Amino acid sequence: MKQTGKLDYLELPAAHGRLDSVKAFYSAAFSWSFTDYGPTYSAFDEGLEGGFQADASEVATKPLPILYSEKLEETLLAVTNAGGTIVKPIFSFPGGRRFHFLDPAGNELAVWGE
């Protein structure tokens, strides 16, 4: 059920990569599926929660989507094999471990696990 004020949707650019290459990457790395709405837009529905970072040394200049993985090392390998670029190798943080990567369109995302 949709509720007023709930974060409902995350839209990422595919400006630096063809839409097909971005879809292929997320499909290969995370088994995402897509619904196409014309030649320039494709939607996904993979779950969403969020948070804000106020630490000046950690804050990103743009939103940072963070995905979850039950097997972090395997996911890092899947991201690499799918063509992602690792920009921060696996590191620990309060609550778990994570890594950051760039997708084929240049979007930075992170993956965390316990």
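# Reading a mixed sheet and its aromatic pairs

Tutor: Let's start with helix α1, residues 19-30: it lies across β3, β5 and β6, and it runs at about 155° to β5. Contact here means heavy atoms within 4.5 Å. This is a predicted model, where local features need pLDDT of at least 70 and side-chain atom pairs pLDDT 80 or more, while totals for chains, interfaces and linings use all residues. Numbering starts from 1 along each chain as its sequence is written, and side-chain values use heavy atoms, without hydrogens and water.

Student: Which strands does helix α2 touch, and what angle does its direction make with that of β5?

Tutor: Axes are lines fitted to C-alpha atoms (for helices, over the stretch in contact), with angles from 0 to 180 degrees between N-to-C directions. Helix α2, residues 72-81, packs on the sheet and touches β4, β5 and β6. Its direction makes about 0° with that of β5.

Student: In what order do the four strands of the sheet come?

Tutor: Helices (H or I, at least four residues) and strands (E, at least two) are DSSP runs, numbered from the N terminus; two strands pair if DSSP finds at least two bridges between them. Here the open sheet reads β3-β6-β5-β4, with mixed pairing. At the edges stand β3 (66-68) and β4 (85-93); each has a single partner strand, so one side of each has no neighbour in the sheet. Direction ignored, neighbouring strands are turned by 25° against each other on average.

Student: Which strand pairs run parallel or antiparallel, and how many bridges join β3 to β6?

Tutor: Go along the sheet. β3 and β6 run parallel and are joined by three bridges; Y68 stands opposite W112 in β6. β5 (residues 96-102) and β6 (residues 108-113) run antiparallel, with six bridges. Here R98 stands opposite W112, and R97 stands opposite G113. β4 and β5 are antiparallel too, joined by six bridges, and F93 has G96 as its bridge partner in β5.

Student: What should I look for in the turns, say at G95?

Tutor: Check phi. β4 and β5 make a hairpin with two residues between them, and G95 in that turn has a positive phi of about 110°. The hairpin of β5 and β6 has five residues between the strands, and there G106 takes a positive phi near 90°.

Student: How many aromatic pairs are there in the whole structure?

Tutor: A pair of aromatic rings is described by the distance of the centres and the angle of the planes. A search of the whole structure gives 11 pairs (rings of Phe, Tyr and Trp, its six-membered ring, with centres within 6.5 Å; planes under 30 degrees apart are stacked, over 60 edge-to-face, the rest tilted). Take Y26 and F30: their centres are 6.3 Å apart and their planes at 25°, so this pair is stacked. Both sit in helix α1, four residues apart, which means about one helical turn.

Student: Are Y26 and F30 buried or exposed?

Tutor: Y26 and F30 are both buried (under 20% relative accessible area; over 50% is exposed, in between partly exposed; 1.4 Å probe, protein chains only). Now compare F93 and W112, an edge-to-face pair with 6.3 Å between centres and 70° between planes. That pair links distant parts of the chain, strand β4 and strand β6, 19 residues apart. F93 is partly exposed at 25%, and W112 also counts as partly exposed at 25%.

Student: Which residues do ring pairs link into a cluster?

Tutor: The cluster holds F25, Y26, F30, W32, F34, F44, F99 and F101.
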